[in-house]
Amino acid sequence: MKRRAPVSNRERDAALEGLCAALARLRTHGEVAAFLRDLCTPAELEALADRWQVVPHLLRGEPYREIHDATAVSVTTIGRVARCLGEPDSGYQLAAKRLGFGRVRND
């Protein structure tokens, strides 16, 4: 495995800000899809899609085991997404609301 030189928190934050700025400038679904395909490995894209796939199930209050049975996403991943949904500044919540997903819970 290639070893990287240590990166400061400031540099890491700047890189994340740059990534966020690039995503915010994309205008269409196709542009975002192309960018994500370039940015992520197939396994990373699958992991991101798995996480997003469980959001509507969680917002409907479905039990983790039922979500797992319906999606094949691990219960551990479902729990992680559920924890994020419960955060006051949840990106999942914001995206779900903007996409008009039914009732968005307010934990």
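## Aromatic cluster

Trp 52, Tyr 92 and Phe 101 form one aromatic cluster. The model is a predicted one: local features require pLDDT of at least 70, side-chain atom pairs count only at pLDDT 80 or more, and totals for chains, interfaces and linings use all residues. Residues are numbered from 1 along each chain as its sequence is written, and side-chain values use heavy atoms, with hydrogens and water left out.

The structure holds two aromatic pairs; rings of Phe, Tyr and Trp (its six-membered ring) pair if their centres lie within 6.5 Å, and planes under 30 degrees apart count as stacked, over 60 as edge-to-face and the rest as tilted. Trp 52 and Tyr 92 form a stacked pair, at 6.2 Å centre to centre and 20° between the planes. This pair links distant parts of the chain, with Trp 52 in helix α3 and Tyr 92 in helix α6, 40 residues apart. Trp 52 and Phe 101 form a tilted pair, at 5.5 Å centre to centre with 40° between the planes. Because Trp 52 lies in helix α3 and Phe 101 in the segment after α6, the pair ties together parts that are 49 residues apart in sequence.

Trp 52 is partly exposed, with a relative accessible area of 29%, and Phe 101 is partly exposed at 22%.

## Overall fold

The chain has six helices and zero strands, which gives the pattern α-α-α-α-α-α along the sequence. Helices (H or I, at least four residues) and strands (E, at least two) are DSSP runs, numbered from the N terminus. Along its principal axes, the C-alpha trace spans about 45 × 35 × 30 Å.

Of the 107 residues of the chain, 18% count as buried. Among contacts (heavy atoms within 4.5 Å) between residues at least 6 apart in sequence, 38% join residues at least 24 apart.

## Surface and charge

The chain exposes about 8200 Å², and carbon and sulfur atoms supply 55% of this area. Accessible areas come from the Shrake-Rupley method with a 1.4 Å probe; for residues, only the protein chains shown count as cover.

The mean positions of the 17 positive and 14 negative charges are 4 Å apart. Lys and Arg count as positive and Asp and Glu as negative, while His and the chain ends are not counted. The place of a charge is taken as NZ of Lys, CZ of Arg, CG of Asp or CD of Glu.

In helix α5 (residues 75–85), Ile 78, Gly 79, Val 81, Ala 82 and Leu 85 are buried. They lie on the same side of α5 because they cover an arc of only 165° around the axis; the arc is that of the directions from the helix axis to the C-beta atoms. On the other side of α5, Thr 76 and Arg 83 are exposed. The cover over the buried residues of α5 includes α3 (42–59), α4 (64–71) and α6 (91–98).

## Backbone at Ala 72

Ala 72 has a positive phi of about 70° although it is not a glycine. Most residues other than glycine have a negative phi. Ala 72 is placed in the loop between α4 and α5, and at 63% relative accessibility it counts as exposed.

Notes: Buried < 20%, exposed > 50% of the residue type's maximum accessible area, 1.4 Å probe, protein only.
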